Amino acid sequence: TSIAYFPPASFMSYYSAISPFHVTSCLSSSGEIVVNEVSFVRKCIGADSSHGDLWGKLICTNFKVSFITHDALPMQRFQVANRLLGEHDVPLACVEQVVTVNDAKGKQKVLCSNQKLKFNPTELILYCKDFRIIRFRFDEAGPQSAKKVCLAIAHYSQPADPQLLFGFEYIGKQYYGSLVNGVDPGGGLQMPLFDRPSEWDREIKRTGAAEWRVCSINEGYVVSPSLPEYFVVPVSLADQDLKQYLCFFTAHRIPLWCWNHPNGSALVRMASISDPLQQRKLDQRICSAITKSHPQRSDVLKSDLDKNLPNIQDIQAAFVKVRQICVIEPFEESEEKWLSSMESSRWLEYVRAFLKHSAEVVYLLEGKHVSVILQEEEDRDLSCVVSSLVQLMLDPHFRSLTGFQSLVQKEWVMAGHRFLDRCNHLKKNDKEESPLFQLFLDCVWQIINQYPAAFEFTETYLTVLSDSMWIPVFSTFLFNCPQQRTENSMDFAKSKCIPVGEEKALRFPPVWDWSQQFTPKDQALFNNPMYVGKGATCVQNGAVKSFRRTKKNYSSTLRGMPSSLRNILMDGHDSLTLTRRNSLVSRLKPDFSQIREVVESPTERFFRDWVSRPADLQGMLIPQLLPSHLALWRLYFLRWVPEASIPKGGPVTAYHKLSQLADEVEKLQSQLRQYKGATPASTLTSTPSAPPSDHSRMYFKAGSTHEPSSTPEYLSSSFPFSPVGNMCRRSILGTPLSKFLNGAKIWLSTETLANEAL
């Protein structure tokens, strides 16, 4: 059974009375409809009292929870606005748990889809997947209206089928309203989506993988539903051979080429071999084919990720603990206790484990000149993280904005990472949920934090990318594999009689079409003003030249560590070291300079030599993994916590100054070119991956209204996000959060509340 909600007649009259901005923020998307609403709702803002709380209307649509108010936030609103979401909007896919409270009866209930609610709620608490806790009070609202809107939010935030996700209505409406074969979402993107052979061909040529070819045996997904239609295999393996082998691999996932090193070594990923009797023979054939693809016929080594890395359940448990520590537990605790709790969560330990293992694979490809196979049971989870990190460390192309997006598209989306299950969009199986992609983004942030000038994109970009997982519009994060997207979109189009032309399926926009969410100016926050890339320019002796640093221009301080701590991997006695079997590389000593009497291993010598050289930001990058080198990603984990916010402080203040300097340099370069009669200025500062913004890629511009020496009032360590109105610690009328959360494996334990709910 399903629950149908219809907006009351009074809603449209209220709609016409509010401002155009509020109308846009409520129904901003094609295909969006209002399903229920309640007036005279108070959104909790204050930490200790109701002072500063906002009054307005709470609305549930088939896309999001909206709060419409005429009141202004007590602090200046943050600067960046999402085109799909209003300032007080929460996508339904971002809602993890819906908790209703009745103060008078002392009852609480975690609402699930199609459940009954036997009491009238006086309070609604939304626990969100992006770490927000949002609270509403119904003191002045109609009891029945409050109950209905709570039930509607619970129902629509837990769809029973993929086709009930809002993205289908969103895209279906665009197609249905089009006169031709529909829109082409993302058709103007300047990056490969790896859904056609030509894009794989270009990647083969870019990496110089001469002995590899594009294979099309999976066209129409006839071989494996979880593999892409096109992928890359060794030239020496014929299609007929691959068809014979595939039945022996888990889920028919035969080996996939990821990347080629300039020395000829290849990075390959594959599922485990399900038939033990065929194990040795298949290993020999696959390794022989990969060896033949190498110019020096080097060896092939296999890394079993299931044995060397934490599993998805461990990662999920660590993530839940971090969420509780960062958002739930009070900050009044001592710093030592808070840090101890963070360490006990094991989240940073797991981040470190993936970075370490990826560095070990980098050593094999770069130092040993051998090819590496990453093996995992189904090759859809841990291998996505490791293969992406290895390529990020070795190939500077993937540190550009366009390159990074193509890396995620190639190694996650097209390779069949289970985004639908791991994000738990359907709220069906908590055991399948795991934040693998958030873990990967955290690993990327750790490297950016150590080598900030090596990446074209910022931590704001990484945070926004993570948030986009909970906006159920983009094909990137909605499905477990390309085949699932195709099958469901075909069925949906057929059931709705939507004309889709020759493609026979709806085309969802990829998340990489950032214009759907942000203006060009706001997209400028993605660009790193310190980026030292191949396209960077400088002025030398009055002439504009490509910016290429030589080794002597670098200082060891760029690595951000004292010379006495120049070790790359973990200390063998480190308390956070994971004890794992079959490690590819033995642990290094804590200080290379102290090693005199012990004979170095080739691994130790390789990393010692690399550390002793100045960092080449357009070359190989190895992260430093001592405990002091890894940090909590504050912007992602603590942005909604008012106590953790630093007014006019944090990394954004440095970003503000650097952006102004970079913008001033761009303007001076443009004037110099114009003076010399060179290329018109309008073509000088744009790059394929950067949005045009008044001839500047910088969000903060030189000569703006703010004085260069001052920091804008609205800047804080949470910028461009605002903790105000999105996080409230207050306990209202006897409903302490700690009562719900102690010992819970999820935000709130339904089992714990079962005896209190009714």
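In what order do the eight strands of the open sheet stand?

**View 1. The open sheet of a predicted model.** The eight strands follow the order 4-3-2-1-8-7-5-6 with antiparallel pairing, where strands are DSSP runs of E with at least two residues, helices are runs of H or I with at least four, both numbered from the N terminus, and two strands pair if DSSP finds at least two bridges between them. Strand 4 (90-91) and strand 6 (107-111) are the edge strands, each pairing on one side only. This is a predicted model, in which local features need pLDDT of at least 70 and side-chain atom pairs count only at pLDDT 80 or more, while totals for chains, interfaces and linings use all residues. Residues are numbered from 1 along each chain as its sequence is written, and side-chain values use heavy atoms, leaving out hydrogens and water.

**View 2. Strands 7 and 8.** Strand 7 (residues 123-128) and strand 8 (residues 133-137) are joined in the antiparallel sense over five bridges, and Glu-123 stands opposite Arg-137 in strand 8.

**View 3. The crossing of helix 11 and helix 19.** The axes, which are lines fitted to C-alpha atoms over the stretch in contact, with angles from 0 to 180 degrees between N-to-C directions, come within 11 Å for helix 11 (residues 347-367) and helix 19 (residues 602-612) and cross at roughly 90 degrees. The two helices are therefore roughly perpendicular to each other, a term for angles of 65 to 115 degrees. Ala-359, Tyr-363, Glu-366 and Gly-367 of helix 11 meet Pro-602, Thr-603, Phe-606 and Phe-607 of helix 19, contact meaning heavy atoms within 4.5 Å.

Technical notes
Angles under 35 degrees count as roughly parallel, over 145 as roughly antiparallel, 65 to 115 as roughly perpendicular and the rest as oblique.
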